[in-house]
Amino acid sequence: MAGLQCRKYQWYRENARDEIPEPDFSTRFMFKQGMLVGEYAKKLFPGGIDLGKLRNIGEQLGKTSEVLPERRPIFEASAGTDKIYSRVDILKPASGDSWDLIEVKSATQLKEGYLHDIAFQKHTFLQAGINISNCYLAFINNQYIKQGEIDPEGFFDMRDITVEVDEVMMSIPDTVEEMLEVLQRPDPPDIKIGRQCDHPYSCPLKGKCWEFMPENHVFNLYGKKDKAANLYSQGILSIEEIPEGYGLNLKQQIQKDCATTKKPRVDRGQISAFLDRLKAPIYFFDFETYSTALPIYEGTKPFQRIPFQYSVHALDDLYGESVHYDFLASGNGDPRKELLENLKKHLGDSGSIIVYYEFFEKGVLNELAGDFPEYEEWVESVIPRIIDLYRPFGDFYYYNSIQQGSASVKSVLPAITDYSYKDMDIADGLSASVYFLYACGHYKIGESCPTPEEVDKIRKDLITYCRMDTGGMIHILRGLKEVLGKSQR
Ligand code: SF4
């Protein structure tokens, strides 16, 4: 799969693994989620033989050959030849001497990459003389609702993908030969950076491969990356160098103008209209949520967003003293009801509620109203008060090259104020959710649990981070008011 993304990445994985940075805390959490789902899928076939604990390839191959004659489901069965090796999640006896191959994914839908993954497994098993009948993908049923112990039959959807896999199989022998040739080279292949660096995953070698790119490079152009790839192939690296008349859209042209003039873009009319919508008192509001593949609480679904923290800053006028409220769940039990009770008090009855990227906060509030109907009326009264501070930046009413093409709050804050998220121990939403899960024991690294000191530090960092989100919005809004004063347009 690494090789399909980029042969250079695959070469490093095989020949210079030390040069690939270790996955961060959040990425390891994602891997762990996948592992937990894989473990759960074993419950679909009670009485199966589990070879998952064997770490050595020789042992895995030997043990698989040894247990195949038993004709029982095998978890983590291996097969290989002198050149290729593969391990499958579940091998299930089918008719005659054949086997069905089942790949388990911590996902709610089929992705094209999975077919390549499974086609390679089938190819390897066939090459090793193990007859494969059908191929299945076991993925997560996102409509499953937890009621008591998770029922594996209801939690997983099983889809027969034999036809799709067989189509992909045709290209496997040539791909494998070519990959093996690349892997044996003394040096990595010379592959230019491009869209593949972020598809399907962000490549961990980006820091190394992208080092030479200037600030405001063409891949920061707003929208699809095809234009950027085309410019890059012509040797144009920075947005500033893009020739006039190249065919940039409106937002991309703003990026070019700002990079060239070194001045921000300020659309006074639109910013004034946005600010005129605000009604005092003004509330600045931000949720943090987590989601897990295996639902934790009764009545919740896989990957459902569970809000566990919020921050609210309230001001009577934009330059007045703010009052701060926050909520951080204890970590014992479903936090949603208590969070709602508190939030209802802290968001008041009137005035604007400023959020950054309204789809998130509105979406979570609506989900809460669905699960706690006694709050439905209150949620309905809150939603019309929400104003999205993302809008002036997402629509480029204000743009500054410092944003590097991004309208996220993390990019906008240092562009329009003197504040930033730099040097914060928790500085993004995904890390916040993973650290919270770790602190309350829902995510374990190995067998270790966090010490009370660690938990204390995580909780303080979480409060600081969420407070920064709403405090930062106050600064951004003030920044917008101030640029109106400075702008000549
Ligand atoms: S950063 Fe891009 S070019 Fe470099 S190895 Fe990764 S995918 Fe390949």
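**From the whole chain to single residues**

Of the 489 residues in the protein chain, 32% are buried, where a residue counts as buried if 20 or more other C-beta atoms lie within 10 Å of its own, as exposed if 12 or fewer do, and as partly exposed in between, with C-beta atoms placed from the backbone. The model is a predicted one, in which local features need pLDDT of at least 70 and side-chain atom pairs count only at pLDDT 80 or more, while totals for chains, interfaces and linings use all residues. Residues are numbered from 1 along each chain as its sequence is written.

The secondary structure of the chain comes to 19 helices and 13 strands; helices (H or I, at least four residues) and strands (E, at least two) are DSSP runs, numbered from the N terminus. Along its principal axes the C-alpha trace spans about 80 × 60 × 40 Å. Among contacts with a separation of 6 or more, 66% are accounted for by residues 24 or more positions apart, a contact being a pair of residues whose C-beta atoms, placed from the backbone, lie within 7 Å.

In soluble globular proteins, nonpolar side chains tend to be buried together. The largest nonpolar core of this chain has 68 residues, of which Tyr283, Phe285, Ile354 and Phe436 touch the most other members; such a core is a set of buried Ala, Val, Leu, Ile, Met, Phe, Trp, Tyr and Cys residues joined through C-beta atoms within 7 Å. Helix H19 (residues 452–486) contributes nine residues, the largest share of this core. Apart from this core there is a second, separate one of 34 residues, including Ala77, Ala79, Tyr114 and Val165.

Helix H5 (residues 112–127) holds Ile118, which is buried because 27 other C-beta atoms lie within 10 Å. Beyond its neighbours within four places in sequence, Ile118 is in contact with Leu101, Glu103, Cys135, Ile161 and Val165. Ile118 and Leu137, 19 residues apart in sequence, are 8.7 Å apart in space from C-alpha to C-alpha.

How do H5 and helix H7 (residues 162–169) pack, and at what angle? The angle is about 75 degrees, with the axes 9 Å apart, the axes being lines fitted to C-alpha atoms, for helices over the stretch in contact, and angles running from 0 to 180 degrees between N-to-C directions. H5 and H7 are therefore roughly perpendicular to each other, since angles of 65 to 115 degrees count as roughly perpendicular, those under 35 as roughly parallel, those over 145 as roughly antiparallel and the rest as oblique. On the H5 side, Leu115, His116, Ile118, Ala119, Lys122 and His123 meet Glu164, Val165, Val168 and Met169 of H7. By class, this contact has six nonpolar, two polar and two charged residues, where Ala, Val, Leu, Ile, Met, Phe, Trp, Tyr, Cys and Pro count as nonpolar, Asp, Glu, Lys and Arg as charged, and the others, Gly among them, as polar.

The residues around the ligand are Gln5, Cys6, Lys8, Tyr9, Ile191, Ile193, Gln196, Cys197, Cys203, Leu205, Lys206 and Cys209, a residue being near a molecule or strand if its C-beta atom, placed from the backbone, lies within 6 Å of it. Helix H2 (7–15) and helix H9 (206–209) each supply at least two residues of this shell, which by class has eight nonpolar, two polar and two charged residues.

Most residues other than glycine have a negative phi, and most peptide bonds are trans. Against that background, a cis peptide bond joins His199 and Pro200, with omega about 0 degrees, and Pro200 is found in the loop between helix H8 (172–183) and H9. The bond from Ala280 to Pro281 is also cis, with omega near -5 degrees, and Pro281 lies in the loop between H12 and strand E8 (282–290).

Phe303, although not a glycine, has a positive phi of about 60 degrees; Phe303 lies in the loop between E8 and strand E9 (306–315) and counts as partly exposed because it has 16 C-beta neighbours inside 10 Å. Asp423 has a positive phi near 70 degrees and lies in the loop between helix H17 (409–416) and helix H18 (429–439). Asp423 is exposed, because 6 other C-beta atoms lie within 10 Å.

Note on methods. Two residues are in contact if their C-beta atoms, placed from the backbone, lie within 7 Å.
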